[in-house]
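Please open the model in your viewer, with a selection tool ready, and follow the stops below in order.

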Amino acid sequence: MTASIEIQFNNRADTPYVGFAAAPCRIRSIPAKGPLDVKLASAGTVGKVRFYGLGAAPGAATDTLALTLPADGSWVSFWLGGAFGSPSIALGDAAVSVTASWATTPLLSVPLMVRIRKNANKLTDSERDRFLTALVKLNKQQGGPFQIARDTHAVNSVAEAHQGPAFLPWHRAYLISLERALQTIDPSVTLPYWKFDEPAPNLFSAAFVGFWTGPYMPMVFNPTNPLQLWSISGIPGVQRTPQFPPDGVSPLQRSEAYCMAIGGTTYSAFQGLEKDPHNNTHARIFSSGWITNSATAPQDPLFFLLHCNLDRIWAKWQWLQNRFGQDPATSYASASRIGHNFQDTMWPWNGIVASPRPPTAPGGGFPESPCTAAPGPMPTVASMLDYQGKVRPAASLGFDYDDVPFA
Amino acid sequence: MDSIEYRNQLEAAIEAARAAISIPPVATGDSDPASREAAIVALDHEAIKDDAQFGALLGQLTDPSEDASLRFTILGKIQSLGFGSVSFGARRPEWLAALRTMIADPDPQLRSAVLDCLSIQKDAQAQSILLNGLKDPAVAVVPPERALQLLANDIHTDAYLHARNIIDDAPSDAARLEAVRLLAADSESVPLLEELLLDQSELPEVRRLAIAALHSLDQATLHEHAHTILMSDDEHPDVISTSLMALVHNDAAPRDDLAPRVDELMDHSSAEIAGVAAQLSTRFSSAES
């Protein structure tokens, strides 16, 4: 009888999506005549994977992994993550091949996707259109997750999410909640980031977030761009006046290296990026439009790409400085306001509407992901720091950036 | 590139940035524009908390004899300091009062930016002035297309009548487009939007906006018209594209009799049209399965 082999990524069926972080996986064979020695390898055409050993926790990265499949069909656990520098474009362009130890031809190849947040200016047309299609569909759901995201960032979020150390963790949670909602429409989609210290002519085009022909002129969208159907309160279009040309960068914009330099080695210094570049990008790089006001900013799709870039800069800083929450004194900063302490749960997902929290809490608990159980329905500030599961593998939040390694 | 090499590269870039950081000049009372601008840029949240400092800033901002570029910098800086600011709430009344004095500012760029700031916050005084300008162009502070854009920030203003008048007798194409856009929030405008959509002598941009407007207002009506447009051999390519996209996102699946036409469009010479047609074709497959 021929053995049949099954692999589950993230230890779950039908969740073939991994980032760069080591994800728990498992493999088994339908019982054969004896144990089966196999070698796992990366077999994708675009996306590539690496292996992080067997057992309860990830080990060092390798290009292949040898293991033995028991004859009784029991699972063998192993760890796998995308290879840094080789993300997927679509599901199936990455794969894991399983080859018997004596053979040269694989027994099978199991497709997956190395699903990574990317630079919006460098997306393929297909990636861009999948993202925009999912976003327009999400916006169209009356009272759905996009409306909740807008309501959440209106007036009541000011104290919960700004002018305090939880600015970055809160917005990380906010982005993840939107991304998970997009992935219920199209699981291949991630939030792209606007790398605002570099020209982004592909992003600021009629094929993407819109092209402008002069101050206060409406954004132009191609007839094949899903954003031509973007509407807020029923009115189509996006109001935005940038203070830079579509193929340029504002001279007011801070570079990423500057943010890191100013940020130093402790979070108490790094959190200064809320003022600059964050506030400046919202309100000085743009002279008018929804993005200049915190209550209306989420009406503009660009808002999410702006914050994704801030989150990426934080993620990169975390990697450089090894600040994943293992030492709150350096990974985070002291707080004086509720919602900003390291172990505080975060509004609105905690559902708390008693003073001093806001009087309403849009939406319900934090959205789930099929790929990870983290952070749970009531995330804490702390739960946002170990987003790759480096301190505790089960804490991995299920996203990665194309220019932030895991190892 | 391996992680170690990558890390070394990043750290070198950070070191270079650190070496290049220059401390902004402290304001010394110099009156040259560059020094004054640098002093504004260097302000931090203390400028909001301190009564005298904030008052002085507003004074400079609202003084039409001041350099317009400096005033623009002050406007942006205050907005930046106020963005997501817990402490700015206390300053909001005097901030809005200052902005209202600038609605008729002699500088058009400042005027437009100030009106934007007020309109986003649904300021009644700003709305009233914009509506008066649509009624009587002699008192308008911004062009009609800009007024309509700004009024669209609050669907409860009484701008719909003005928008319909502009569609009948538009001072410019830009004004007409913004009028169509605004009427997307007015359920009574469905018949007018249908008329615009079906009129092949209309600008394609107007017809595309009518599609977007009906997408918000009346999915079923749009479904029928998009179907008709796609079945026609004599339609503008941009209108075809937008109609295809509308059916991709419509609540209802496309009717089966459209399938052969969508197949034809998948072979269209425009790769973009072919691409959207391919997206729509998957809705037929879903409908069949």
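Begin by selecting helix H1 of chain A, since the largest share of the lining of the largest cavity, three residues, comes from H1(A); helices here are DSSP runs of H or I with at least four residues, strands are runs of E with at least two, and both are numbered from the N terminus. Both this helix (125–140) and strand E9 (108–114) of chain A supply at least two residues each to that lining. The model is a predicted one, in which local features need pLDDT of at least 70 and side-chain atom pairs count only at pLDDT 80 or more, while totals for chains, interfaces and linings use all residues. Residues are numbered from 1 along each chain as its sequence is written, chains are lettered from A and ligands numbered from 1 in the order in which they are written, and side-chain values use heavy atoms, with hydrogens and water left out.

Stay with the cavity. Coloured by class, the lining shows eight nonpolar, three polar and five charged residues, where Ala, Val, Leu, Ile, Met, Phe, Trp, Tyr, Cys and Pro count as nonpolar, Asp, Glu, Lys and Arg as charged, and the others, Gly among them, as polar.

Over all chains, 34 salt bridges are found.

Now turn to the interface, where one salt bridge is counted between chain B and chain A: select A:Lys140 and B:Asp251, whose closest N and O atoms are 2.5 Å apart. With contact taken as heavy atoms within 4.5 Å, 59 residues of chain B are in contact with 59 residues of chain A. The two chains bury about 4900 Å² between them, 60% of it on carbon and sulfur atoms, buried area being the accessible area (1.4 Å probe) that two parts lose on being put together, summed over both. On the chain B side, select B:Tyr6, B:Phe83 and B:His249, which lose the most area to chain A and together make up 15% of what that side buries.

Finish with the backbone of chain A. Most residues other than glycine have a negative phi, and most peptide bonds are trans. Select A:Asn10, in the loop between strand E1 (5–9) and strand E2 (17–18), which has a positive phi of about 60° although it is not a glycine. Then select A:Pro277, found in helix H7 (residues 275–283), where the peptide bond from A:Asp276 is cis, with omega near 20°. The peptide bond from A:Ser355 to A:Pro356 is also cis, with omega near 10°, and A:Pro356 lies in the segment after helix H9 (328–331).

Definitions and conventions
Salt bridge = Lys/Arg side-chain N within 4 Å of Asp/Glu carboxyl O.
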